[in-house]
Amino acid sequence: MLFSAKFSPTLNLAISSTTKCCSRRRESRRGLNSMRVRASSTQKDEDEKSSFNPFGFVTDNASSRSAIQLPESPAEDGNVGQMIDKIQDKGKEFGSYVKSGKLRWFVRETGSAKSRRGTIVFLHGAPTQSFSYRVVMSQLADAGFHCFAPDWIGFGFSDKPQPGYGFNYTEKEFHDALDKLLEVLKIESPFFLVVQGFLVGSYGLTWSLKNSSKISKLAILNTPLTDSSPIPGLFQQLRFPLYGEFQCQNAIIAERFIEAGSPYVLKNEKADVYRLPYLASSGPGFALLEAARKANFKGTFSEIAEGFATNRWDKPVLLAWGLSDKYLPQSIAEEFQKGNPQNIKLKLIEGAGHMPQEDWPEKVVDAFRMFF
């Protein structure tokens with residue numbers, strides 16, 4: 001106590017000085033640690049942003065972002081039923097329902113039976129629908145053509161029977177159903193035919209080979225035509241057990257397929273229409289699944305290449321090919337034309353992808369008007 005009292009001023013000064021120094025060091029270290037924590041947190045955020053996103057198949061699809069991600073006020077967006085209610089009347093331009101046997105088709109029609117330049121039938125591919133032809137049909141009707149574009153059974157707004165209950169989604173059944181529909185629509189032969197796309201698009205071409213007398217001219221937009229035609233990943237995935245069942249129920253399967261084959265992004269109002277059937281019911285997905293698993297892709301490609309070769313096909317064919325197709329390269333079209341150069345004319349459409357009728361309909365119309 002005596003020592004402390006005698007030397008307290010000096011000790012207090014020393015202790016005070018030492019304390020302040022240590023305090024400054026602790027604060028300095030604390031600040032440095034804080035900076036390190038903040039830097040580490042920032043780096044972590046950046047790493048998380050650049051890391052793998054298991055839901056990237058949804059959020060990376062530009063046209064679907066506003067529909068899939070939550071808005072600022074999620075409660076105002078409604079549930080799936082309300083979303084369907086908002087878009088259920090979209091995309092039915094020029095269309096009506098037509099009963100053919102036990103099946104109900106959704107068919108778009110422009111022009112009239114009195115159109116002076118003839119009738120054109122448009123057939124779409126999988127996994128899309130006749131909506132893709134709406135602009136082309138409208139403009140060709142103005143040019144004097146009578147146009148029909150059905151949604152294949154199982155697609156778009158047409159019936160989607162459960163496999164095993166009246167329709168099994170085989171090539172023959174698609175052909176037979178199309179024959180009956182043409183009779184119901186009273187489409188007189190010969191007529192002009194337009195075909196595009198995979199799977200049911202290919203069935204449109206094999207139907208043509210079996211019914212060449214009903215066709216006066218044939219126009220083909222990007223469609224697999226030779227043995228070397230690649231099969232997109234979607235159709236390969238659908239053939240895997242269990243995984244196919246999961247994949248076919250993806251509500252944005254159609255728009256994702258369209259955008260993956262095109263240089264463009266679909267506007268939301270268009271994406272809504274391609275999404276609607278898959279969003280509203282499981283039927284379209286299971287119909288696509290069944291058709292994909294029963295299809296003989298490579299066998300069909302070979303049949304098409306051989307059937308349209310010289311000495312096998314003598315009708316005029318226009319091959320209007322989108323150059324930016326990410327599924328089917330230009331070499332497919334060139335190889336197909338070499339098989340019958342006298343009857344097949346190749347027209348390259350710059351700026352268009354796998355679906356030229358959707359990407360650049362004006363150029364497609366110009367090509368069709370000159371050909372038909």
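**Strand pairing and helix packing**

Analyst: This is a predicted model. Start with a pair of residues: Lys-99 has Arg-104 in S2 as its bridge partner.

User: What makes S1 and S2 a pair of strands?

Analyst: Pairing needs at least two bridges. Strand S1 (residues 95-100) and S2 are joined by 6 bridges, and they run antiparallel. They therefore count as paired. The two strands form a hairpin with 2 residues between them. Gly-101, in the turn, has a positive phi of about 65°.

User: How do you know that S2 also pairs with S4?

Analyst: The test is again at least two bridges. S2 and strand S4 (residues 146-150) have 4 bridges and run antiparallel. Arg-108 stands opposite Ala-149 in S4.

User: Why is S2 called largely enclosed?

Analyst: A residue is buried under 20% relative accessible area. In strand S2 (residues 103-110), 6 of the 8 residues are buried, so the rest of the structure largely encloses this strand.

User: Why are H7 and H8 called roughly perpendicular?

Analyst: Helix H7 (residues 171-184) and helix H8 (residues 200-210) pack at an angle of about 70°. The roughly perpendicular range is 65 to 115 degrees. H7 and H8 are therefore roughly perpendicular. Their axes are 10 Å apart, and the crossing is right-handed.

User: Which residues make the contact of H7 with H8?

Analyst: H7 brings Glu-171, Phe-174, His-175, Leu-178, Asp-179 and Leu-182. H8 brings Val-200, Tyr-203, Thr-206, Trp-207 and Lys-210. The contact has 6 nonpolar, 2 polar and 3 charged residues.

Note on methods
Residues numbered from 1 in each chain as written. Predicted model: local features only at pLDDT ≥ 70, side-chain atom pairs only at ≥ 80, totals over all residues. Heavy atoms only, no water. Axes fitted to C-alpha atoms, helices over the stretch in contact; angles between N-to-C directions. Parallel < 35°, antiparallel > 145°, perpendicular 65-115°, else oblique. Left-handed = near helix turned anticlockwise from the far one by under 90°. Contact = heavy atoms within 4.5 Å. Nonpolar A, V, L, I, M, F, W, Y, C, P; charged D, E, K, R; others polar. Buried < 20%, exposed > 50% of the residue type's maximum accessible area, 1.4 Å probe, protein only.
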